[in-house]
Amino acid sequence: MKTILRAQRKRARKSTLQKALFAILFLGIIGLFNVFQINPFSGVSHSVAAVIWQAKEGTQRELNDFYQLFRSKQSLVEENRRLEQRLVDQEYLWISERALRQENEELKGMLGRDIEESTILGSVLSRPDTSLYDTLIIDVGAEDNVHVGDQVVALGDFVIGFVSKVFRNTSQVTFYSSPGVKTNIFIGEENIPATAEGRGANNFVVQVPRDVEVEENDIVTLAHFDTQVFAVVDTVIGDSADAFKTLLFSNPVNVFNIKWVQVITSAELTL
Amino acid sequence: MTPSRISINILLFISVLYFPWWLTILIGILLLSLHNGVELLFWGLFADALFGVPLESFYGVQYLFTLLFFILIVLAVYVKQKMIFYN
């Protein structure tokens with residue numbers, strides 16, 4: 001009886017030791033991968049996931065089209081009228097924006113600085129709430145000439161992040177607002193230089209000297225030649241006793257809802 | 001592999017791709033409460049392979065899911081040893 005119990009205890013200890021060794025080995029391998037910033041499973045995982053994400057997008061579109069067949073004529077007519085009115089309203093904005101953009105390009109041309117950008121439209125496959133990392137997955141990758149570091153823009157003019165990893169048909173986008181990411185920016189009409197720190201969910205914080213003139217709703221742009229909107233100042237927090245004041249600003253794009261982004265694959269500055 | 005284990009694994013796969021991260025973790029805890037759940041490490045590696053990026057706020061660690069699931073597995077082993085329900 002005692003011999004049996006002793007043997008059982010020995011087996012249990014051996015099993016615990018094996019599990020502990022496995023755990024240490026596993027953690028060691030993960031630690032090595034992390035130190036060298038490699039992930040050998042990324043390529044395969046993205047290939048598998050991309051197929052499923054794209055199938056889902058396609059299925060959703062088909063289901064939406066199918067659903068339209070069951071809508072009443074009246075609701076379709078009303079929606080048509082509503083969309084037509086929205087189109088008319090947007091057209092005025094588009095005309096004035098086009099004029100401003102043209103003027104901007106002419107002025108740059110006069111100063112002898114032309115920038116030619118090429119952009120690729122990418123569909124969002126996975127939004128930031130799916131993971132702990134506050135990243136986006138889009139359906140354009142190396143085959144579409146996307147490179148690490150390319151800027152990513154949403155809704156035409158709002159810079160939201162940069163490409164952090166590129167795979168064959170997909171890319172990962174890290175937001176400038178991801179916690180801890182620091183970005184060089186200019187604030188307001190006087191282009192006050194500063195370094196913004198991301199706080200997650202498209203929010204940023206920056207500290208500037210107390211006597212710097214900044215107001216709420218001032219536009220924040222990236223330290224880049226082209227004037228794409230980075231964020232808008234929401235709150236200015238300061239005390240006359242403090243040497244610095246804190247600015248809180250956010251990017252107006254709702255990254256939890258966007259479906260399309262543009263990747264600026266190259267911005268060639270010609271002097 | 002029992003049908004319930006297979007179902008939860010399929011759910012985990014879908015969750016990693018589509019559901020919020022906290023739901024993925026809850027499904028992982030469900031797997032651990034009903035089964036051994038070692039395959040959770042695989043799903044952690046899968047999620048980190050898809051989304052992992054070294055952020056300063058996480059001290060440059062890009063294996064957060066894997067480490068979190070590893071801790072959950074260790075905790076589950078410990079808790080199950082102590083609870084009469086699992087003996």
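Helices (H or I, at least four residues) and strands (E, at least two) are DSSP runs, numbered from the N terminus. With that in hand, chain B reads along its sequence as α-α-α-α. Its secondary structure comes to four helices and zero strands.

This is a predicted model, in which local features need pLDDT of at least 70, side-chain atom pairs count only at pLDDT 80 or more, and totals for chains, interfaces and linings use all residues. Residues are numbered from 1 along each chain as its sequence is written, while chains are lettered from A and ligands numbered from 1 in the order in which they are written.

Start with chain B as a whole. Its C-alpha atoms fill a box of roughly 45 × 25 × 20 Å, taken along the principal axes. Chain B has 87 residues, and 37% of them count as buried. A residue is buried if 20 or more other C-beta atoms lie within 10 Å of its own, exposed if 12 or fewer, and partly exposed in between; C-beta atoms are placed from the backbone.

Now take the helices of chain B. Helix 1 has 16 residues. From its first C-alpha to its last it reaches 22 Å, close to the 22 Å expected at 1.5 Å a residue. The expected span is 1.5 Å times one less than the number of residues. Buried in helix 1 of chain B are B:Ile8, B:Leu12, B:Ser15, B:Val16 and B:Leu17.

Helix 4 of chain B covers residues 64–82, 19 residues in all. It reaches 27 Å from first C-alpha to last, close to the 27 Å expected at 1.5 Å a residue. Which residues of helix 4 of chain B are buried? They are B:Phe65, B:Thr66, B:Phe69, B:Ile73 and B:Ala76. These residues cover an arc of only 95° around the axis, which puts them on the same side of helix 4 of chain B. The arc is that of the directions from the helix axis to the C-beta atoms. The face turned away from this buried side carries exposed residues: B:Ile71, B:Val74, B:Leu75, B:Tyr78, B:Gln81 and B:Lys82.

How do the helices pack? Two packed helices are described by the angle between their axes and the distance between the axes. Axes are lines fitted to C-alpha atoms, for helices over the stretch in contact, and angles run from 0 to 180 degrees between N-to-C directions. Angles under 35 degrees count as roughly parallel, over 145 as roughly antiparallel, 65 to 115 as roughly perpendicular and the rest as oblique. A crossing is left-handed if the near helix is turned anticlockwise from the far one by less than a right angle, and right-handed if clockwise.

Helix 1 (residues 3–18) and helix 2 (residues 21–34) of chain B pack at about 165°, with their axes 9 Å apart. They are therefore roughly antiparallel to each other. Helix 1 of chain B passes helix 2 of chain B in a left-handed crossing.

Helix 3 (residues 40–51) of chain B meets helix 4 of chain B at roughly 165°, and their axes come within 7 Å. This pair is therefore roughly antiparallel. Its crossing is right-handed.

Helix 2 and helix 4 of chain B pack at about 30°, with axes 10 Å apart. They are therefore roughly parallel to each other. Helix 2 of chain B passes helix 4 of chain B in a right-handed crossing.

Turn to chain A. Its domain assignment gives domain 1 (1–38) and domain 2 (182–250); such bounds come from an automatic or database domain assignment. The centres of these two domains, taken over C-alpha atoms, are separated by 51 Å.

Next come some single residues. The loop between strand 2 (135–138) and strand 3 (151–154) of chain A holds A:Val146. A:Val146 is buried, with 24 other C-beta atoms within 10 Å. A:Asn145 is found in the loop between strand 2 and strand 3 of chain A. A:Asn145 counts as partly exposed, with 14 C-beta neighbours inside 10 Å. Its phi is near 75°, a positive value in a residue other than glycine.

A:Asn217 has a positive phi of about 75° although it is not a glycine. A:Asn217 lies in the loop between strand 8 (203–209) and strand 9 (219–222) of chain A. With 9 C-beta neighbours inside 10 Å, A:Asn217 counts as exposed.
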